[in-house]
Amino acid sequence: MIEEAKLLIEQRTALRPTMGVVLGSGLGAFAEELTDPAEIPYAEIPGWPLSTAVGHAGKLVVGKLGELQVAAMAGRAHLYEGYTPAQVTHGVRVLHAVGVRSLVFTNAAGGINTQLERGGLVLISDHINLQGSNPLVGPNDNSLGPRFPDMSEVYSRAYREIAKRVAVDLCIFLPEGVYAAMLGPSYETPAEIRYLRAIGADLVGMSTVAEAIVANHMGMKVLGISTVTNMAAGVLPQKIHHEEVLEAGEMVRDTLVRLLRALLPALAE
Ligand code: HPA
């Protein structure tokens with residue numbers, strides 16, 4: 001399926017992207033920035049899972065950002081939709097097959113660390129996988145990566161340094177934080193958030209980690225950016241609604257687009 005998907009993408013565009021970006025809930029706007037775009041609905045790509053979550057467009061856009069050739073996934077599949085870890089990571093595997101070697105993940109996350117604010121951006125420094133699955137379970141393809149891959153620097157230190165520099169230049173506040181991945185789809189309980197804080201998490205979400213594990217296994221360089229769409233359960237005396245998550249995505253959209261526009265060329269240098 002990965003080979004078929006690769007061939008389809010290569011038929012649809014003459015571009016050969018080396019940089020990929022995955023756009024999470026309500027964060028698809030960056031895909032519109034690409035010039036000479038080939039837009040491929042996920043439904044047309046072999047083996048590609050459709051995203052069913054509200055706020056996920058569900059298309060691959062291959063285009064240019066200046067001279068840089070970029071593949072942007074607008075929308076992703078989640079484990080909570082019932083997709084398998086293999087399906088959730090299909091896009092990353094296909095982008096790798098197409099020639100992408102650097103990946104920027106974006107996502108929506110709840111803020112656990114009370115220093116964080118709704119509508120802010122956070123650079124993911126590391127993650128905690130609490131999804132109860134690992135996308136590398138099963139036979140290992142030794143041609144792609146090792147059976148027991150090292151995970152000591154999934155989110156490239158060099159890339160994070162570049163991202164911090166770019167953010168300073170643009171006057172964008174970009175602190176670092178640890179992202180805890182839960183299965184969802186229910187949000188966490190206040191007790192779960194206290195537990196996540198105690199084990200060192202600053203952010204909580206339901207995506208990215210499986211994709212980052214697969215990208216790391218294949219030797220891709222990874223960066224992760226979370227948008228704090230809400231404070232996590234129990235931090236504020238109010239309930240969490242999916243609408244506020246999408247709304248915060250809107251709030252931060254222009255800032256995220258500005259950051260990605262400057263960041264991707266800087267990472268490619
Ligand atoms: N919890 C889990 N995932 C999320 C949250 C949250 O509070 N906000 C956005 N994605």
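Here is a short chat about a few features of this predicted model.

Me: What should I know about the numbering and the values?
Reply: Residues are counted from 1 along each chain as its sequence is written, and side-chain values use heavy atoms, without hydrogens or water. Since the model is predicted, local features need pLDDT of at least 70 and side-chain atom pairs count only at pLDDT 80 or more, while totals for chains, interfaces and linings use all residues.

Me: Why is T208 called buried?
Reply: Buried means under 20% relative accessible area (exposed is over 50%, partly exposed in between; 1.4 Å probe, protein chains only). T208 has 1%, so T208 is buried.

Me: What makes the pairing of T208 and R76 a polar contact?
Reply: The term needs a pair of N or O atoms within 3.5 Å, one able to donate a hydrogen and the other to accept it within protein. The side chains of T208 and R76 make such a contact at 3.4 Å.

Me: How do you know that T208 and S207 count too?
Reply: Residues adjacent in sequence count only if both atoms are side-chain atoms. Here a polar contact of 3.0 Å joins the two side chains, T208 and S207.

Me: Which residues does T208 touch, not counting those up to four places away in sequence?
Reply: Contact means heavy atoms within 4.5 Å, and T208 touches R76, F105, T106, N107, Y155 and Y179.

Me: What makes a set of residues a nonpolar core?
Reply: Its members are buried Ala, Val, Leu, Ile, Met, Phe, Trp, Tyr and Cys residues joined through side-chain atoms within 4.5 Å. The largest one here has 40 residues, of which I45, L60, V92 and L103 touch the most other members. Apart from it lies another core of 35 residues, including L68 and A72.
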